[in-house]
Amino acid sequence: AEETTNHMRFLKVDCAPLKTSLGSHCDAWVKKFTGLLNNIAQAELKSMQDYFEGHKKSLAKQPLNLDMLAESVNLLRRLIEEKPQVEARFEPLREKYKTLEKFEVQVTEKEQMLVERLPSDWAS
């Protein structure tokens, strides 16, 4: 435990209230920043899931004519080109969730499962 009182010539300074106030202030900022990180991670995860599902549905549709077939082929080509950029987003998102875990922020089991399944969802 640190000494919270200091004697300066004829004054006795008690820093305990200041120390307590600073600690509370720091705790509040940690909560705000982890809350913001949680919101960012959730939005990123939702964005990736929507991206996967939307393209999965588009590719699953059976083409009825040559124009639809051309659209599907072009979409597949674009997805193949985007593969490195999409996969590069996985690790930063995992790191965000690891940081949330480190600061004991409650993350739903569904979110944890979705983060773990990102590579397999992307592959399908």
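## Helix 1 and its packing

The buried residues of helix 1 pack against helix 2, helix 3 and helix 4. Buried means under 20% relative accessible area, exposed over 50%, partly exposed in between (1.4 Å probe, protein chains only). Contact means heavy atoms within 4.5 Å. Helices are DSSP runs (H or I, at least four residues), numbered from the N terminus. In helix 1, the buried set is T34, N38, A41, L45, M48, Q49, Y51, F52 and H55.

Helix 1 has 45 residues. Its span from first C-alpha to last is 65 Å, close to the 66 Å expected at 1.5 Å a residue; the expected value is 1.5 Å times one less than the number of residues.

## Model basis

This is a predicted model: local features need pLDDT of at least 70, side-chain atom pairs count only at pLDDT 80 or more, and totals for chains, interfaces and linings use all residues. Residues are numbered from 1 along each chain as its sequence is written, and side-chain values use heavy atoms, leaving out hydrogens and water.

W122 touches Y51, F52, L79, K83, V86, E87 and F90, not counting residues up to four places away in sequence.

## L36

L36 lies in helix 1. L36 is partly exposed, with a relative accessible area of 45%.

How values were computed: Helices (H or I, at least four residues) and strands (E, at least two) are DSSP runs, numbered from the N terminus.
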